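Have the structure open as you read.

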Amino acid sequence: MTAPALFQDEAPKTPQRQLKNRYDGRDKVTGKAKYSAEFPVKDITYGYIVQSTIPKGTLVSIDQTAAGKASGVLAVLTPFNAPKLPVASPQPPARRHITVLQEKDIFYNGQPIAVVVARSLPEAMHAATLLKITYKSQPAQLEFKGRLAEARPPKQPGREPADSKRGDIATSLSNSAVTLDVVYTTPIQNHNPMEPHATIAWWDGSKLNVYDATQYITGDRQTLARTFGIPVDDVRVQCPFVGGGFGSKGSTWSHVVLAAMAAKVVGKPVKLALERGQMFGPVGSRPTTAQNIKLGATADGKLLAIQHDVIVHTSLMEDFLEPSAMQTRLLYNSESNVTSHRMVEMNLGVGTYQRAPGEATGTIALECAMDELAHKLNIDPVQLRLINYAEKDHSKDRPWTEKSLRQCYTDAADRFGWSKRNPEPGQLREDNNLIGYGMATATYGANRSAASAVVRILPNGRAYIGCGTQDLGTGAYTVLAQACAQGLGIDPALVDVQLGDSNLPKAPVSGGSQSTASIGPAAAAAATQAKLKLFELAVNDSQSPLHGLQAGSLDTQDGKVFAKSSPNKSDTFTAILQRAGGQPIEATGSAEPGEDRTAYTAQSFGAVFAEVAVDIDTHMVQVRRIVATYDIGTLVNQKTGINQLQGGIVWGVSSALHEEAHIDPTHGRTVNETLAEYHVPVNADIGTIDVTVTGIPDTKFNPLGARGIGEIGITGAAAAIGNAIYNATGKRIRDYPITVDKIM
Ligand code: MOS
């Protein structure tokens, strides 16, 4: 069932009623919210993953005699004794190649090669040290920048083609008065949500239960069912709270399957929680990139040519593309536009989605290159972007659903004080600091998928909504409470929300910034269906003031049903339900994207301005201020929405200055696999972040008028900072992150 017409076509009639605070805020700050590793499960045992210490080769043997006899040990699973799964590796269970003890080949240093199960975690960890592992090593590919010439096209087709071409780029470049040809590089990054991955698995006969830290309970369920060869209905995945995911929890990784496998072998529940160090390799990373940008423009700043050629690394297990040139196809208007993506194979864990996969790295190259071009042309960087403003999606030759990027530039520039910027680098000095201003455009596509929800109206005046989505900490609970309340016509504080259970109606992966845009309309559809059932009860009830009216002539507000023609005729939800026997009303509803998907391009935009202070002696960079305005349609909730955008910007600061995985060139292990060595910003690294939105509803995209906001915040931010560092120092650092040694 798709959403009824009201919710497909119309903007909400009344302003969205927002929850001022997060629905789940109190439970989180009081510790009542339980994360996947925290559930008390009777007879729990502990699994510990043993990882390969070589980057390439084969396992010859694993002698587990000593480990098997160690205190508390229940089982040691290795590729030599692990149960064979019906879906034979290396066939990826769900389009991913996960290593689940089905093969003896080693693809990277850190690959899971054994699981020790014991009655306590220390005993499991101790026994792991007693395993005698013999490998046959082979030379590994661990170099990226020196092997760019080996880059090849992706083997698996992506959602969009890897290459694109419009116009005659050679002619456009030769006709350009000013050209630019630069290479930007970005490092491998690893997701480090506060909550590392964790799974508790147990079998109830032939039925599998897991608590899993995941962005996708439905996907987990499908992958587990397929991997173990059991019906989907025999798997239940629960995950009421997630401590951040950022893309890494969107796939079902080895440890989830291994926890379930181990639970089957020992006949008891198994908890398998990854250590922080195990977050670097076995659960995906953002690939490193080398991006060549060529721009050509007329003397008055009109872009004639844009070429963006991207090379990323990929694992030897499967191809994963960080699609860094995608936004370059549509962000600016130019007569020629060419992009390509190639990959270099390396003996590393697989690449995966990490916050704004593609745009996060791609906007670094494109938006810094635009800044370089602006300097060459002696045109203000904002002006250069306005000259080349894309009035439509030129890559697909179709209109935008909604675009207010011009307003983003002017609003953010005004609040920032951009007019005070000196375009000449190195001119502004305060005490021992050089001060610089920089800006960039932010952009991210708008996604939406089919979703469903169940709504109950309760006789006590409250309501319930259940949806098989998950809240990564982003605000899904809050959004569902609001959407249900809005749909029913009650106070959002009266709504109880349940999510994070695969027994609930299906919702998509909380990835691609699509959750709110997908589950909001589903919640509205379910509420509409529940409301219709309530209307039927009222009009058929001889004791109701609404008796005998047409259900279609009724509406709701503040927990009352009333006749649209004479609002004095009304009946409360509780009175209607009490008279009908005191039972709740229940209805399910679904919503999915309409036909508009191919007629329009739904894309979000933003403008980010940064002020940095660079210490003249130490070259330490302080990001003093970020001012940004985003064009993301309706902001569904002020607090959770602005927080999401601010959080994305913090990631931008991280990408610009801090974050980078270092791979040991000999052994292939991530050297800095702790939060002490893998630098991410702390509060002291973050100055003022001032975020607003244009807030123009995008009702061509969905009935909420809201596009996603989870990922756009990171885009553009790192470029704005790099551009500000150039404005402060005159140094153009094209190798990210911009650490102090590079500024010297
Ligand atoms: Mo996001 S990287 O699609 O979870």
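Two strands count as paired if DSSP finds at least two bridges between them. With that in mind, take β10 (residues 207-212) and β11 in this predicted model: they pair in the parallel sense over four bridges. Asn 209 stands opposite Arg 236 in β11.

Both strands belong to an open sheet of seven, ordered β3-β5-β1-β12-β9-β10-β11, and the pairing is mixed. At the edges you'll find β3 (73-77) and β11 (235-238); each has a single partner strand, so one side of each is left without a neighbour in the sheet. On average, neighbouring strands here are turned by 20° against each other, direction ignored.

| Helix | Residues | Strands touched | Angle between directions |
|---|---|---|---|
| α4 | 121-129 | β1 (45-51), β3 and β5 (112-118) | about 30° with β1 |
| α6 | 217-228 | β10 and β11 | about 145° with β11 |

Now jump along to α10 (residues 405-416). How far apart are its end C-alpha atoms? They are 16 Å apart, and that agrees with the 16 Å its twelve residues should span at 1.5 Å a residue.

The buried residues of α10 are Leu 405, Cys 408, Tyr 409, Asp 411, Ala 412 and Phe 416. Their cover includes the helix α9 (381-387), along with β25 (603-615), β26 (621-631) and β27 (686-693). Just after α10 comes Gly 417, with a positive phi of about 85°.

Terms used. Residues are numbered from 1 along each chain as its sequence is written. This is a predicted model: local features need pLDDT of at least 70, side-chain atom pairs count only at pLDDT 80 or more; totals for chains, interfaces and linings use all residues. Helices (H or I, at least four residues) and strands (E, at least two) are DSSP runs, numbered from the N terminus. Axes are lines fitted to C-alpha atoms, for helices over the stretch in contact, and angles run from 0 to 180 degrees between N-to-C directions. Two residues are in contact if their C-beta atoms, placed from the backbone, lie within 7 Å. The expected span of a helix is 1.5 Å times one less than its number of residues. A residue is buried if 20 or more other C-beta atoms lie within 10 Å of its own, exposed if 12 or fewer, and partly exposed in between; C-beta atoms are placed from the backbone.
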